[in-house]
Amino acid sequence: MLIELHNIHKTYDNGQPLHVLKGIDLGIEQGEFVSIMGASGSGKSTLLNILGILDNYDEGEYWLDGKLIKNLSEKEAAHYRNQMIGFVFQSFNLINFKTAVENVELPLYYQGFGRKKRNELAMRYLEHFGLAEWATHYPNELSGGQKQRVAIARALITNPRILLADEPTGALDSKTSVEVMNLLTDLNRTEKVTIIVVTHESGVANCTDKIIHIKDGIIGETTMNEQHKASVFGTSTIMK
Amino acid sequence: MKDLLAEIWESIRRNKLRTALTGFAVAWGIFMLIVLLGAGNGLMNAFNQQGEQFASNTMVVYGGVTSQPANGYEAGRYIQLNNNDISITQSALFSENVDEVGATMYSGPYVLVLNGRHVSTYLVGCYPNMKNMNKIELICGRFINPLDMQMERKSLVLSASHASQLLNGGEDYESLLGKSVSFGGNSWMVVGVYKTDKSAQRVEEYVPMPTLQVLTNELNRVGQINFSFHGLATEEDNNQFEARYRAAINKAHKAAPDDQSSIWIWNRFTQNMQMNKGTSILRKALWVLGILTLIGGIVGVSNIMLITVKERTREFGVRKAIGASPWEIMKLILAESVSITAFFGYVGMFLGMVACEVMKMTVGQSSVEFFGESIRLFVNPTVGLDVAIGVTIVLVIAGTLAGLSPAMKAAKIRPIQALNET
Ligand SMILES: Nc1ncnc2c1ncn2[C@@H]1O[C@H](COP(=O)(O)OP(=O)(O)OP(=O)(O)O)[C@@H](O)[C@H]1O
Ligand SMILES: [Mg+2]
């Protein structure tokens with residue numbers, strides 16, 4: 001198992017305690033392509049942030065590639081994030097005073113790569129995603145789809161074990177959403193990257209092989225979706 | 001390193017105006033520090049130069065006016081030093097501390113005639129110790145010697161500036177030695193010529209004091225008694241010695257032993273001690289003043305860095321999410337803070353040194369007349385390399401301090417909170 005969650009609890013306490021995750025048990029194998037669905041406020045992002053070591057949990061155990069991820073120092077957390085995890089956000093979170101290629105390079109900088117090597121590798125990823133000619137453009141000169149592809153390139157450049165995406169198509173139109181999902185599918189098929197996508201769009205979920213439903217802070221049903229027929233809108237479209 | 005510099009440059013470039021404004025505060029602080037230290041050094045150098053004219057372990061004693069009635073005399077009696085006072089000073093009473101004793105008396109003006117030329121001057125009757133007391137440098141010949149004293153010879157040591165007025169064209173000072181100078185119907189022999197400084201004091205000629213006492217027919221008049229001493233290390237020692245000395249002289253003149261104004265004692269040693277204390281206080285005060293000004297700059301830099309951190313919260317969150325450690329984030333802020341502080345600090349230091357050079361060329365060259373003596377108030381008002389190094393250290397520390405709290409704030413940013421911010 002690449003990822004194992006045992007009885008994970010998370011409570012937010014801003015004056016009034018809010019018990020969001022109430023005992024999550026989950027296992028994800030190397031190379032899986034999974035989506036997490038659920039109503040707004042059901043705790044999807046909370047779960048994904050815990051998986052990405054961006055947030056801590058109160059109770060239970062989280063094993064990542066055989067390591068217990070619990071009570072890490074900020075430095076250790078940064079190290080694991082850098083080495084094992086790629087994160088893609090709904091709002092891209094590119095650094096807007098850096099060019100596309102500089103954004104993609106950044107995780108390598110924190111791994112201690114030299115300037116030349118970083119640039120070479122980043123350019124290769126951008127080329128792969130058809131963004132070579134946009135390399136020296138700043139984020140505000142790119143379309144939403146282009147920005148998300150840059151963000152995915154940035155998430156993948158360190159060769160992470162898992163790619164976590166929180167509503168990666170949330171800010172994109174349906175055509176671009178299809179492009180991005182095709183790209184993720186392709187990565188999963190050819191590069192064998194483990195991908196977990198949070199979404200509440202059934203069309204997006206339909207692209208994945210397994211759909212995990214989360215309800216009231218616990219895992220509800222899990223749908224196997226190898227046939228990609230879960231979408232009520234058809235197999236190759238994403239309705240907005 | 002290069003990448004870090006690129007990041008800093010990027011950040012500064014995006015906030016040019018803000019950076020320049022705070023940088024100005026730092027530059028101003030360092031500028032003030034340098035100018036103040038330079039001016040302080042100028043004052044102290046002038047002090048020291050003044051002090052260097054005299055041997056430092058000496059006392060000079062003058063007659064004064066009594067302030068208390070004693071032995072049937074009213075207060076307000078004028079005390080005239082005399083030959084007996086010299087004997088007291090030389091006596092076993094003080095021999096433990098007193099080395100060479102001398103005395104002087106002034107007389108004049110006289111018109112000296114030589115080679116058919118003449119100058120008007122005052123004569124100083126003195127002892128051989130005068131040479132060391134006032135650090136007199138001879139150009140040629142010798143100074144007054146014990147034999148002159150003993151035999152009451154009419155020996156004369158000329159000042160260079162007067163000697164040059166008495167010289168025949170084409171001759172040098174040496175030619176004056178052994179020549180006789182006449183004044184008051186007497187004939188005196190030139191035994192030496194001493195160096196005079198153009199900026200220095202009024203110029204006078206030296207003769208043996210006993211001879212001058214005879215000439216003026218004041219056999220028992222003494223103007224000042226002066227002596228060098230040893231073995232008085234502390235201010236306390238000096239005060240005790242002075243009290244003892246004062247009592248002895250006062251007794252000889254039938255004044256109250258503790259009368260403070262019957263004679264005046266000018267102790268160059270304790271005076272130097274006080275001056276050194278004063279200059280070190282002055283120097284410290286200048287550093288404190290300069291550093292206070294600098295702190296204003298530091299607070300400015302600290303503020304700008306805090307604003308930067310607030311503005312870049314989301315960016316730092318992203319950096320952390322993709323693997324930046326807290327230290328990496330701290331490094332960004334600290335390096336930026338040190339860079340701004342150091343860069344503008346050096347600008348300030350450079351301008352401060354230019355200002356010091358300007359001071360050196362203007363007020364540093366001028367002197368004021370003070371009781372007939374020309375005194376330079378500023379001598380070489382600049383700062384040395386040691387200060388430049390000191391300032392560099394101060395700047396790096398200041399920059400680090402300024403950046404420390406913002407940097408820690410940045411390092412503590414939780415990625416999840418930063419990313420939730422809009
Ligand atoms: N930092 C926080 N502090 C307090 N409450 C929070 C915090 N983050 C999320 N919550 C609350 O926790 C609950 C779950 O939030 P979460 O973001 O995980 O939901 P979600 O399933 O991702 O919803 P959506 O589909 O709208 O993104 C919500 O009620 C939310 O208000
Ligand atoms: Mg969410």
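I began with B:Phe241 and B:Tyr245, which are four residues apart in helix 8 of chain B, so about one helical turn separates them. A reminder to myself: this is a predicted model.

Next I looked up how their rings sit. B:Phe241 and B:Tyr245 make a stacked aromatic pair, with 6.2 Å from centre to centre and 15 degrees between the planes. Buried or exposed, I wondered about B:Phe241? B:Phe241 has 2% relative accessibility, so I put it down as buried. B:Tyr245 comes out at 1%, so it counts as buried too.

How many aromatic pairs are there over all chains? I got twelve. One of them is B:Phe227 with B:Tyr245, a tilted pair at 5.5 Å centre to centre and 50 degrees between the planes. B:Phe227 sits in strand 9 (residues 224–229) of chain B and B:Tyr245 in helix 8 (residues 235–252) of chain B, so this pair ties together parts that are 18 residues apart in sequence. Both B:Phe227 and B:Tyr245 are buried.

Which residues make up the cluster around these rings? I found one aromatic cluster formed by B:Phe94, B:Phe227, B:Phe241 and B:Tyr245.

**Charges over rings, chain B**

I then checked for charged ends over rings. B:Arg77 has its charged end over the ring of B:Tyr73, 4.1 Å from the ring centre. The charged end of B:Arg268 does likewise over the ring of B:Trp266, at 4.7 Å from the centre.

**Around strand 7 of chain B**

I followed strand 7 (residues 186–194) of chain B through its pairings. Strand 4 (residues 138–141) of chain B runs antiparallel to strand 7 of chain B and is joined to it by three bridges. There, B:Gly141 has B:Gly192 as its bridge partner.

Strand 5 (residues 155–159) of chain B pairs with strand 7 of chain B in the parallel sense, over five bridges. B:Ser159 stands opposite B:Tyr194 in this case.

Strand 6 (residues 180–183) of chain B is antiparallel to strand 7 of chain B, with four bridges. B:Ser180 faces B:Met189 across that pairing. What do strand 6 and strand 7 of chain B form? They form a hairpin with two residues between them, and B:Gly184 in the turn has a positive phi of about 55 degrees.

**The four-stranded sheet of chain A**

Over to chain A, where I found an open sheet of four strands in the order 2-1-4-5, with antiparallel pairing. Strand 2 (16–28) and strand 5 (67–68) of chain A are at the edges with a single partner strand each, so one side of each has no neighbour in the sheet. Strand 4 (residues 59–64) and strand 5 of chain A pair antiparallel over two bridges, and A:Leu64 is opposite A:Lys67 there. Helix 1 (residues 44–51) of chain A packs on this sheet and touches strand 1 (3–14), strand 2 and strand 4 of chain A, with its direction at about 120 degrees to that of strand 1.

**The six-stranded sheet of chain A**

I also found an open sheet of six strands in chain A, with the order 6-7-8-3-9-10 and mixed pairing. Its edges are strand 6 (85–88) and strand 10 (218–224) of chain A, each with a single partner strand, so one side of each is left without a neighbour in the sheet. From one strand to the next, the twist averages 20 degrees. Strand 9 (residues 210–215) and strand 10 of chain A pair antiparallel over five bridges, and A:Ile212 has A:Thr222 as its bridge partner. Helix 5 (residues 144–156) of chain A lies across strand 6 and strand 7 of chain A, at about 170 degrees to strand 6.

**One residue up close: A:Val197**

I finished on A:Val197, which is in strand 8 of chain A. Its relative accessible area is 0%, so A:Val197 is buried. Neighbours within four places in sequence aside, A:Val197 has contacts that include A:Phe33, A:Ile36, A:Leu184 and A:Val204. A:Thr208 is eleven residues from A:Val197 in sequence, and their C-alpha atoms are 8.3 Å apart.

Methods
Residues are numbered from 1 along each chain as its sequence is written. Chains are lettered from A and ligands numbered from 1 in the order in which they are written. This is a predicted model: local features need pLDDT of at least 70, side-chain atom pairs count only at pLDDT 80 or more; totals for chains, interfaces and linings use all residues. Side-chain values use heavy atoms; hydrogens and water are left out. Two strands pair if DSSP finds at least two bridges between them. Contact means heavy atoms within 4.5 Å. Axes are lines fitted to C-alpha atoms, for helices over the stretch in contact, and angles run from 0 to 180 degrees between N-to-C directions. Rings of Phe, Tyr and Trp (its six-membered ring) pair if their centres lie within 6.5 Å; planes under 30 degrees apart count as stacked, over 60 as edge-to-face and the rest as tilted. Buried means under 20% relative accessible area, exposed over 50%, partly exposed in between (1.4 Å probe, protein chains only). A charge sits over a ring if NZ of Lys or CZ of Arg is within 6 Å of the ring centre and within 35 degrees of the ring normal.
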